[in-house]
Amino acid sequence: MLLDIRKLTIDFPPSRKRKAVRALKEFSLRLEAGESVSIVGESGSGKTTLIRCISGHVTPVSGSVSLFGADLSEASNQELVALRRRCGVVSQDPYGSLPPTLTVLEAVMEPWLLVRGREARQAGEHKARELLDELGIGREEILSSKVRLSLSGGQRQRVAIARALVLGPELLLCDEPTSMQDASTRGDILRILQRRQETGMSMIFVTHDLFLARKAASRGLVLYRGEAVEEGLCRDFLASPQHPYTKALVAALPKLSSSATYAGESGGR
Amino acid sequence: MISIRNLSITYGRMTSRGRSGETEAVKNISFSVEKGKLFALAGESGSGKSSVLMAIPGLLPEGTRVSGEILLDGRNLTALSEEELNALRWRRIALIPQGAMNSFTPVLTVGRHIEEVLDVHLGLSKRAARERTQELFVRAGLDGALASRYPHELSGGQKQRAAIALALACDPDWLLCDEPTTALDVITQKGIVDTLKDLVETKGVGMLLVSHDLPLAASVCSRIFIMKGGTIVEEGAPREIVAHPKNPHSAALVNALLELEREE
């Protein structure tokens with residue numbers, strides 16, 4: 001078992017202005033090695049907290065997380081670091097999560113150098129260049145530019161993806177990794193992730209877009225206010241949503257393929 | 001009616017060592033939009049769509065070269081002085097810029113922010129401004145009680161609606177919206193575009209929407225202009241564009257989206 005989350009409950013601690021907020025309520029999820037799942041939900045549903053919990057950055061009120069067979073609550077700091085190194089994380093915010101003073105190439109090589117040491121520099125650089133090229137940002141002028149300067153949000157996101165993939169993670173945790181991409185690039189990135197999945201990588205893909213969710217993983221889970229309200233296949237959520245929230249989500253999703261929603265017919269007059 | 005004729009926009013490029021070189025962001029484009037309908041400029045990032053939108057009320061950065069004409073009911077806006085443009089901004093043409101929801105001052109309640117605009121632009125008394133703000137909140141689909149909240153106490157969707165209320169302050173004929181729903185989840189997104197559509201249909205406002213989200217634009221607009229590299233490569237009703245894209249770029253865009261929607 002790659003990941004076994006049991007009845008996980010997480011509170012955000014109270015502050016002066018508000019009471020404690022329950023971010024996740026008795027949440028359970030099991031993932032075998034090589035399996036992937038998409039987590040669908042709106043802002044505030046607990047998606048990001050879940051990712052932070054799997055990587056051992058948040059301590060639960062109750063329940064347990066077991067990652068690669070190790071119980072996170074019993075792991076020492078050193079063990080936690082070792083477990084995290086087997087995961088790649090693409091955070092929601094490519095502005096806050098990348099080292100601003102490094103060049104694109106250095107930013108992607110950094111995890112490699114930290115884990116494999118300076119001696120492995122050449123191999124790391126080769127790997128980083130290969131990945132950035134695959135992601136369509138392998139041009140020398142981009143590789144040598146500082147992350148802080150002259151990179152668009154979409155380019156930063158791709159740098160963050162390369163950084164997460166450089167060590168060949170067994171589990172990739174993605175939090176809205178394509179939110180800033182144009183439609184065509186988004187397709188390319190999903191295909192790149194798919195190739196990794198075919199060769200054994202597991203992925204937890206967090207998004208609020210059901211179409212993206214279905215593309216990223218066949219298995220899905222709908223999170224609403226900290227609770228899993230629907231579990232099963234993403235294509236079933238789209239075809240026959242059960243929970244009222246899933247129904248609202250499907251109804252709100254703009255579809256290019258359905259002419260019924262076109263304004264030209266109904267509203268444009 | 002707003003008619004754009006042979007519009008070109010060239011930016012002076014900023015480098016780390018200062019200004020050098022130029023970027024032609026918009027290349028000789030022409031199109032017209034009428035009031036009472038929703039139009040969209042769609043396209044990928046860097047295609048020039050925001051530049052076109054910002055050029056209409058004359059809000060491009062200093063040092064930008066603009067050629068061609070932007071006609072508002074026959075009057076060429078590119079020939080107007082800053083003073084003349086100021087008389088049109090807010091009252092005839094209101095802009096909701098990209099990231100508007102994060103542009104409220106953190107030290108005032110959103111209601112006070114809007115009241116200040118009403119004071120400066122329309123000279124309304126405190127009391128009249130407060131009443132008007134309540135009206136605007138309702139039109140933007142917000143509970144009036146939220147006027148007494150600070151920006152950080154509102155959700156992203158509520159802030160975006162407050163930005164719409166702000167843009168409506170002086171009853172504009174035209175509303176220009178730059179990516180009004182980016183960074184909001186699909187349900188909130190749908191609510192916002194429904195509100196915009198309602199403003200067009202019930203108040204007869206003219207609306208030009210800039211969006212990189214073609215499915216979203218197609219779901220509310222009667223006509224879409226797809227931009228690429230500073231030119232309009234495709235235009236038509238959403239249904240036509242999806243069924244028969246004429247340009248290879250827009251065909252690729254439509255196919256990428258349809259592929260995502262299709263069940264494999």
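A: Let's start with a pair of helices in chain B: the axes of α5(B) and α6(B) come within 10 Å and cross at roughly 15 degrees. An axis here is a line fitted to C-alpha atoms, for a helix over the stretch in contact, and angles run from 0 to 180 degrees between N-to-C directions. That crossing makes α5(B) roughly parallel to α6(B) (under 35 degrees is roughly parallel, over 145 roughly antiparallel, 65 to 115 roughly perpendicular, and the rest oblique). Helices are DSSP runs of H or I with at least four residues, strands are runs of E with at least two, and both are numbered from the N terminus.

Before going further, note that this is a predicted model, in which local features need pLDDT of at least 70 and side-chain atom pairs count only at pLDDT 80 or more, while totals for chains, interfaces and linings use all residues. Residues are numbered from 1 along each chain as its sequence is written, and chains are lettered from A and ligands numbered from 1 in the order in which they are written.

On the α5(B) side, B:Gly157, B:Gln160, B:Arg161 and B:Ile164 make the contact, and they meet B:Thr188, B:Gly191, B:Ile192 and B:Thr195 of α6(B). Contact means that the C-beta atoms, placed from the backbone, lie within 7 Å. By class, this contact has 2 nonpolar, 5 polar and 1 charged residues (nonpolar: Ala, Val, Leu, Ile, Met, Phe, Trp, Tyr, Cys and Pro; charged: Asp, Glu, Lys and Arg; polar: the others, Gly among them).

Next comes the sheet. In chain B, 6 strands form an open sheet in the order β6-β7-β8-β3-β9-β10, with mixed pairing; two strands pair if DSSP finds at least two bridges between them. β6 (93-96) and β10 (231-236) of chain B are its edge strands, each pairing on one side only. On average, neighbouring strands of this sheet are turned by 15 degrees against each other, direction ignored.

B:Ile93 stands opposite B:Trp174, and B:Leu95 is opposite B:Leu176. Helix α5 (residues 156-167) of chain B packs on this sheet, touching β6 and β7 of chain B, and its direction makes about 165 degrees with that of β6(B). Side chains of a regular strand alternate between the two faces of the sheet. In β6(B) both faces are covered: B:Ile93 and B:Leu95 on one side, and B:Ala94 and B:Ile96 on the other, are all buried. A residue is buried when 20 or more other C-beta atoms, placed from the backbone, lie within 10 Å of its own, exposed when 12 or fewer do, and partly exposed in between.

Chain A has a strand to set beside this. β6 (residues 87-90) of chain A is covered on both faces, with A:Cys87 and A:Val89 buried on one side and A:Gly88 and A:Val90 buried on the other. β6(A) runs parallel to β7 (residues 171-175) of chain A, joined by 4 bridges, and A:Cys87 stands opposite A:Leu171.

Finally, look at where the chains meet: 36 residues of chain B are in contact with 29 residues of chain A. On the chain B side, α6 (186-203), α7 (214-220), α8 (238-243) and α9 each give two or more residues, and α9(B) supplies the largest share, 9 residues. By class, that side has 19 nonpolar, 7 polar and 10 charged residues.

Helix α7 (residues 183-198) of chain A packs against α9 (residues 248-261) of chain B at about 45 degrees, with axes 8 Å apart. That makes α7(A) oblique to α9(B), and their crossing is left-handed. B:Val254 has its place in α9 of chain B and counts as buried, with 24 C-beta neighbours inside 10 Å. Leaving aside residues up to four places away in sequence, B:Val254 touches A:Leu256, B:Ile241, B:Val242 and B:Pro245.

Technical notes:
Left-handed = near helix turned anticlockwise from the far one by under 90°. Contact = placed C-beta atoms within 7 Å.
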